[in-house]
Amino acid sequence: MDDFLIKAIIAGVGVAIVAAPTGCFLVWRRMAYFGDTMAHSALSGIALGYILGLAPMIGVFAVSVIIAVFLSALQKRKTVTSDTLLGIFSHGALAIGILAITFMEGRRFDIMATLFGDILAVNNTDITILYSGGALILLSLIYFWRRLLSFTVNEELAFVEGVPVTFTNLLLLIMLAMVVAIAMKIVGVLLVTSLMIIPAASIRRFSRTPEQMALFATIAGIVSVLSGISLSFQIDTPPGPTIAVSALVLFVIGQALPSKN
Amino acid sequence: MTLKNTDVLLDAKNIGHRFFDKHILSDVGISVCQQQIVTLIGPNGAGKSTIVRIMLGLLQPENGSVWRKPGLRIGYMPQKMEINPALPIDVNGFLYLGVDQGRNRIFGKRQRVLDEVGAGRLGKHQMSSLSGGEMQRVLLARALLRDPDILVLDEPAGGVDVTGQADFYALITAIRDRRKVGVLMVSHDLHLVMASTDKVVCLNGHVCCAGSPEQVKSDPSFQALFGSEIANNITIYHHHHDHKHDPGLEKNQE
């Protein structure tokens, strides 16, 4: 097997392992569009990274966290409903990001790779960052699992029972921003949330506990990545969208299968 | 200096609160003692849920203060619990979320508490499949699993039929007697609640009147609030069981 293909597979599987369980929280908390908004803000993050001379990943992470915290604060004010707010920011962030990137044209910037990912160009440094960031996300997820879940089921009950709600919310947002930052290279900013949401939604019918759903979603995510990469290699299509389509096909199959529930 | 009665669990004093420019609460004082059932009644928009949220610490009041007995453990039962159907979680898993100890350590206790609230057979049911009455009992079980000193119940019997409600209030009284807890609950079922409460606080932005059910019933401000017609027709409802239910099988349909 070619070296770049092995790296693509290692990176893709790594992203699936973090994106699927965190994606479950997006689904459970009805935050799918919230995740999209964070991902779209990644373009501005890349621009910011260039301006400040930082790695794009750091810029993306910083901007995603800022946007997420800002959005959750704004959502509490309830003068504009969440869906409108997210619509404004999602497209606003995307447009600003594209404009910012247009100004950086001299810097050999591949906008297609940013939007749709470039998994075949993954190098060893990318993989190191991905796996160390991913390990951090997974460890936090496991360590704070009960808190995160309690907060997800009912915030007020969690608060009364002593869960530090503000901290837990921030923790979740930071984890989501990290996933966006490390998954961006693989599937691109437009398709990041597909690897988070579609695997989780696909296997909901077959799960009876949250833990089971997180595990099954991870498996579904890995299957989507592997079949996407091999398909794109065989029929010569861009890998990012092919992975997203594989996830979609898996979702459709999942809906058609009979289940016990 | 006010001397703190050692029996007082939760004490809200001179609470005032506004939403935007609208006064919701002014100068409201409510206290709950050990083994005492305090029921908040009042018309819609009277600020019942707001004062409860303030007493729980979910909302910071603009004026006044809330005193809690040091180390007070609160068992809270929210008014509504909508479980996103996209989240697969059974009753047992839901109950574990409320306690700090590991699952194995409270395995037996979990079942005892479920039995105590008459939901012994629901452990493996998915949360999103519960009826209103079942959900109510599961929420109560989650509150009890924490060995609370006080139970705070916000309209606990909403969405349950009259027999179900009466059963539920009887259950609350039994739990108070057995566990010696204080209870603060919001209700608007005047008839049902009067039988199972020690103190009634009638709220309409301020405390209109407070006292035993009998005292409150004959208070002019209570009559003015609910109309003397209704007030005089309140017969304190005593529920007697003449047959046995199996709450695990029975579905309380709303």
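A nonpolar core, as the term is used in these legends, is a set of buried Ala, Val, Leu, Ile, Met, Phe, Trp, Tyr and Cys residues joined through C-beta atoms within 7 Å. Please keep in mind that the model shown is predicted.

**View 1. The largest nonpolar core.** This core has 159 residues. Val179(A), Val180(A), Ala183(A) and Ile51(B) are the residues with the most contacts inside it. Helix 10 of chain A, residues 165-187, supplies the largest share of the core, 14 residues.

**View 2. The surroundings of Ile51(B).** Here we zoom in on Ile51(B), one of the residues with the most contacts inside the largest core. Leaving aside residues up to four places away in sequence, Ile51(B) touches Ala12(B), Ile15(B), Leu25(B), Val28(B), Ile30(B), Leu40(B) and Leu203(B).

**View 3. Helix 11 of chain A packing on helix 12 of chain A.** Helix 11 (residues 192-203) and helix 12 (residues 210-235) of chain A pack with their axes 8 Å apart, at an angle of about 120 degrees. The two helices of chain A are therefore oblique to each other, and helix 11 passes helix 12 in a right-handed crossing. From helix 11 of chain A, the contact uses Leu195(A), Pro199(A), Ala200(A), Ser202(A) and Ile203(A). Helix 12 of chain A brings Met213(A), Phe216(A), Ala217(A), Ala220(A), Gly221(A) and Ser224(A). The contact residues comprise eight nonpolar, three polar and no charged.

**View 4. Where chain B meets chain A.** In this view, 18 residues of chain B are in contact with 19 residues of chain A. On the chain B side, strand 5 (74-77) and helix 2 (91-96) are the elements that give two or more residues. That side divides into 13 nonpolar, three polar and two charged residues.

Notes
Residues numbered from 1 in each chain as written. Chains lettered and ligands numbered in written order. Predicted model: local features only at pLDDT ≥ 70, side-chain atom pairs only at ≥ 80, totals over all residues. Axes fitted to C-alpha atoms, helices over the stretch in contact; angles between N-to-C directions. Helix = DSSP H or I, 4+ residues; strand = E, 2+ residues; numbered from the N terminus. Parallel < 35°, antiparallel > 145°, perpendicular 65-115°, else oblique. Left-handed = near helix turned anticlockwise from the far one by under 90°. Contact = placed C-beta atoms within 7 Å. Nonpolar A, V, L, I, M, F, W, Y, C, P; charged D, E, K, R; others polar. Buried ≥ 20, exposed ≤ 12 C-beta atoms within 10 Å, placed from the backbone.
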